[in-house]
Amino acid sequence: MMNKIQIALVDDHNLFRKGLIKLINMGDTQQKYHILFEADHGNHLKEKMVTPPFPDIILMDIDMPEVDGFEAVEWLQRTHGDVKVLVMTMLESETAILRMLRMGVRGYIHKDIEVEELHAALETIAANGFYYSEAASEVLHQNLNGLERAGDAVHLSENEREFIKWVATDMTYQQIADKMNLSVKTIDGYREALFRKLHVRTRVTLALYAVKHGLVEL
């Protein structure tokens, strides 16, 4: 039997969480998803993430009391880096979108979403892809254009190009090192050099660069 994808909901509006659960269940014809837990805000999330099982995907709001979505995502990066985050929010400002994208979230969508799009987002993220709303995609497109201009000014070695290709997968840095027959220290050097060359700070942005330049297809 296929293991179900474990999902957590973090939002301070109880009615929205209950409606979201109905949307997830409504389109889950293959019964792929299981709602692991709900949380009202970031501090509540931290309490839930003390002992396993942990979620595969967290649907996260931004505007919450006590600990908001930004702080919660930063905490998840430090403590549960393999958990994928799909931001669901009413905030579609360029600042909020870029901040979340740079922090490495897998998706960014508006709360006013149809069941089909919600499931498309979940399926894409579960398959290690990225899913963004139209507004977030536009901001991302503009950001990638700037990244492209920065990338045009630098030369990438064949090893760096291969490294970027593997970065866009779900392989760990240790696995990438093994795949390229290199030491982890060398791989760390490639990563830091590329961060400087391309003016990026996260693995996700490196992966987006790879997609933009045809080095890999998601």
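Modeller: Keep in mind that this is a predicted model. Its largest nonpolar core has 33 residues, and those with the most contacts inside that core are Leu45, Ile58, Met60, Leu76, Met100 and Tyr108.

Biologist: Which elements give two or more residues to this core?
Modeller: They are the strands β1 (5-10), β2 (33-39), β3 (57-60) and β4 (84-89), together with the helices α3 (69-79), α4 (94-102) and α10 (203-212). The largest share comes from α3, which supplies 5 residues.

Biologist: And what lies apart from it?
Modeller: There is another core, of 19 residues, and among them are Ile164, Trp166, Leu194 and Tyr209.

Biologist: Back to β3 for a moment: which of its residues are buried on one side, and which on the other?
Modeller: Ile57 and Leu59 are buried on one side, while Ile58 and Met60 are buried on the other, so that both faces of β3 are covered.

Biologist: In what sense does β3 pair with β1, and over how many bridges?
Modeller: β1 and β3 pair in the parallel sense, over 4 bridges, and within that strand pairing isoleucine 57 in β3 is the bridge partner of isoleucine 7.

Biologist: What about β3 and β4, how do they pair?
Modeller: β3 and β4 also pair in the parallel sense over 4 bridges, and here isoleucine 58 stands opposite valine 85 in β4.

Biologist: New topic: where is histidine 41?
Modeller: Histidine 41 is placed in the loop between β2 and α2, the helix that covers residues 42-48.

Biologist: Is histidine 41 buried or exposed, and why?
Modeller: Histidine 41 counts as buried because its relative accessibility is 12%, and buried means under 20%.

Biologist: Which residues does histidine 41 touch?
Modeller: If we leave out residues up to four places away in sequence, histidine 41 touches Val10, Met64, Pro65, Glu66 and Val67.

Biologist: Last one, the helices: at roughly what angle do the axes of α7 and α9 cross?
Modeller: The axes of α7 (residues 158-167) and α9 (residues 184-198) come within 10 Å and cross at roughly 95 degrees, which means that α7 is roughly perpendicular to α9.

Biologist: Which residues meet there, and what classes are they?
Modeller: From α7 there are Asn159, Glu160, Phe163 and Ile164, and these meet Ile187, Tyr190, Arg191, Ala193, Leu194, Lys197 and Leu198 in α9. By class, the contact of α7 with α9 has 7 nonpolar, 1 polar and 3 charged residues.

How values were computed:
Residues are numbered from 1 along each chain as its sequence is written. This is a predicted model: local features need pLDDT of at least 70, side-chain atom pairs count only at pLDDT 80 or more; totals for chains, interfaces and linings use all residues. Side-chain values use heavy atoms; hydrogens and water are left out. Axes are lines fitted to C-alpha atoms, for helices over the stretch in contact, and angles run from 0 to 180 degrees between N-to-C directions. Angles under 35 degrees count as roughly parallel, over 145 as roughly antiparallel, 65 to 115 as roughly perpendicular and the rest as oblique. Contact means heavy atoms within 4.5 Å. Ala, Val, Leu, Ile, Met, Phe, Trp, Tyr, Cys and Pro count as nonpolar, Asp, Glu, Lys and Arg as charged, and the others, Gly among them, as polar. A nonpolar core is a set of buried Ala, Val, Leu, Ile, Met, Phe, Trp, Tyr and Cys residues joined through side-chain atoms within 4.5 Å. Buried means under 20% relative accessible area, exposed over 50%, partly exposed in between (1.4 Å probe, protein chains only). Two strands pair if DSSP finds at least two bridges between them.
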